[in-house]
Every structure is written in structure tokens, then in C-alpha cells.
Amino acid sequence: MNLIFLGPPGAGKGTHAVRLAHELNIPQISTGDMLRQHVREKTALGQEASRFMDAGELVPDDVIIGMVRQRLQQPDCANGYIFDGFPRTVAQAEALSSFTDIDAVINLIADDEVIIRRLSGRRVCSACSGTFHISRLENPTVCPDCGGTLIHRADDAEETVLNRLEVYHRQTEALIAYYRNKGLLLDVQGGGGVEENYAGVKRALKLA
Ligand code: AP5
């Protein structure tokens, strides 16, 4: 099954995509995580990407498309994959359709207010990449899964979140109509609790 998780920053794409990928035994492909790894490793791609990411802007389409195309050639993608945060522009979606088929697109819907609250409280593990919200953490600096250090992503600062939301509305929201017209879009409420939203994802995909 080849799936896309679409939605504004903080809608829960990563939270649900990781869990579903684990259940279906297919990889979750987050372009955001791939880019952050390039930044950490100080590759040429990472150096180019970081100035866009720090400002909450999109990284240029050609960089992203090349990176994804290469990732899909890995053997773990043979039985399907879940894209988390890709595509983000119609140009990326069109490029994607030239080299793979998509079975369904989950469109997670959440209000801007919910998103700002979630991202200001998000903590990410620097060791295992697990994502948590401070309201559910006993210790806000230690990963409950692996004991690694939890960090607050630089682009989760409120001013940058507001720009990411603006970029989503301006550049990514058009994909809702794009995939609806192709009959692939499945709307799922992303504003409720984690379990409730995840159940919605599974119902939409007829997996529950
Ligand atoms: P990326 O890493 O993809 O960030 P994003 O899309 O902005 O999405 P997030 O990871 O912020 O949110 P999410 O929807 O995954 O939410 P999460 O599950 O973590 O991209 C970062 C940057 O990289 C971009 O700004 C851009 O520069 C660049 N980039 C990446 N892909 C690109 C592309 N294709 N093209 C161009 N540029 C690209 O949840 C958020 C928080 O809420 C967590 O703390 C979580 O625990 C909590 N939470 C989740 N669901 C719930 C719930 N139901 N109730 C309560 N809390 C919840």
C-alpha cells in the first residue's frame, strides 16, 4: 500500500504515520526527517536546505524530488510506504506520479490554534526521533522510550510555526483539491485526541 499523509504542520502526520507504518510493516518516509539528517551530517544538501527550514519555508522542489526518488529505490519500499510531509506542492505531486502510484491520501484536518498549541509543546528525541507532547511527559527532557535527550525543534518557535502555517495555506493546501479530483483523498479529523484520530485514519483506510 502506497500512502500519503497530508496536513498542516502539527496535524499529527508523523505521529500516525510512524504507528501505521509499524503495523503494516512498511517504511514511513518523512522528508522533514531526511532533511534534518542531512543538516546534522552537514552534507551539501543539508547546508542548502537548512536556510529554508529555519525560516519555515519549503525546500526547493528539485532537491526534494531527487531525494525522494532515490529513497524509493531502497529495497524496504518494495511492498509499499507511507509518505509523511511529501508532496507539499503540486509540482512535487506531479513528479511523484511520474515514478510511482499512490493508493490513498489521508488529509488530516486541524485548526491553526490546535497546531500552535501542539507545536509549542512538542519535544523530539535526538536519539530515536520519537515525538511527544510535554503534557504527556513525566520528564520533559528525557525520552520515555529510549532515555535519549528530548529537544524542542528550532522551527517550532512560535514565529516560525506561524510562517509554516502560512506556507501550508499558500503552497500545500492546493494538494487537497489535486488529490480529491483524482478520487484519492480521505478526510480525517486531526483535532481530537491521538487515539481517536488514529482510529479515524484506520477507518478511512478500511483497516478497522
Ligand atoms: P516536517 O518535519 O515535515 O514538518 P511539518 O510538516 O511542518 O510537520 P510536523 O512534523 O511539524 O508535524 P506533524 O503533522 O508530523 O505532527 P506531529 O505528529 O509531529 O518539515 C519541516 C521542514 O522541512 C519544512 O518546514 C520544510 O522546510 C522542509 N520540508 C519537509 N518536507 C518538505 C517537502 N516535501 N518540500 C519542501 N520542503 C520540505 O505532532 C505534532 C505534536 O502534536 C507532537 O508533539 C505530537 O505528540 C502532538 N500530537 C499529535 N497528534 C496529537 C493529538 N491528536 N492530540 C494531542 N497532541 C497530538
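The model is predicted: local features need pLDDT of at least 70, side-chain atom pairs count only at pLDDT 80 or more, and totals for chains, interfaces and linings use all residues. Residues are numbered from 1 along each chain as its sequence is written, and side-chain values use heavy atoms, with hydrogens and water left out. Helices (H or I, at least four residues) and strands (E, at least two) are DSSP runs, numbered from the N terminus.

**Ligand surroundings**

- The ligand is surrounded by 35 residues, a residue being near if one of its heavy atoms lies within 4 Å of the molecule.
- The closest of these residues are Thr15, Glu57, Arg88, Arg122 and Arg164.
- By class, the shell around the ligand holds 12 nonpolar, 13 polar and 10 charged residues. Ala, Val, Leu, Ile, Met, Phe, Trp, Tyr, Cys and Pro count as nonpolar, Asp, Glu, Lys and Arg as charged, and the others, Gly among them, as polar.
- H2 supplies the largest share of the shell around the ligand, 4 residues.

- A polar contact is a pair of N or O atoms within 3.5 Å.
- A ligand nitrogen atom lies 2.7 Å from an N or O atom in the side chain of Thr31.
- A ligand nitrogen atom is also 3.0 Å from a polar backbone atom of Val59.
- For Arg164, an N or O atom in the side chain is 2.6 Å from an oxygen atom of the ligand.
- The ligand taken alone exposes 1000 Å², of which the protein buries 95%; accessible areas come from the Shrake-Rupley method with a 1.4 Å probe.

**Helix packing**

- Helix H2 (residues 31–40) packs on helix H4 (residues 61–71) at an angle of about 100 degrees, with the axes 11 Å apart. Axes are lines fitted to C-alpha atoms, for helices over the stretch in contact, and angles run from 0 to 180 degrees between N-to-C directions.
- H2 and H4 are therefore roughly perpendicular to each other (65 to 115 degrees).
- Thr31, Met34, Leu35 and His38 of H2 make the contact with Ile64, Met67, Val68 and Arg71 of H4, where contact means heavy atoms within 4.5 Å.
- Helix H5 (residues 90–99) and helix H8 (residues 174–181) pack at about 35 degrees, with their axes 9 Å apart.
- Val90, Ala93, Glu94, Leu96 and Ser97 in H5 meet Ala174, Leu175, Tyr178 and Tyr179 in H8.
- The contact of H5 with H8 has 7 nonpolar, 1 polar and 1 charged residues.

**Backbone features**

- Phe86 and Pro87 are joined by a cis peptide bond, with omega about -5 degrees.
- Pro87 sits in the loop between strand E3 (81–84) and H5.
- Asn25, a residue other than glycine, has a positive phi near 60 degrees.

Methods. Parallel < 35°, antiparallel > 145°, perpendicular 65-115°, else oblique. Polar contact = N/O pair within 3.5 Å; in protein donor to acceptor, adjacent residues only side chain to side chain.
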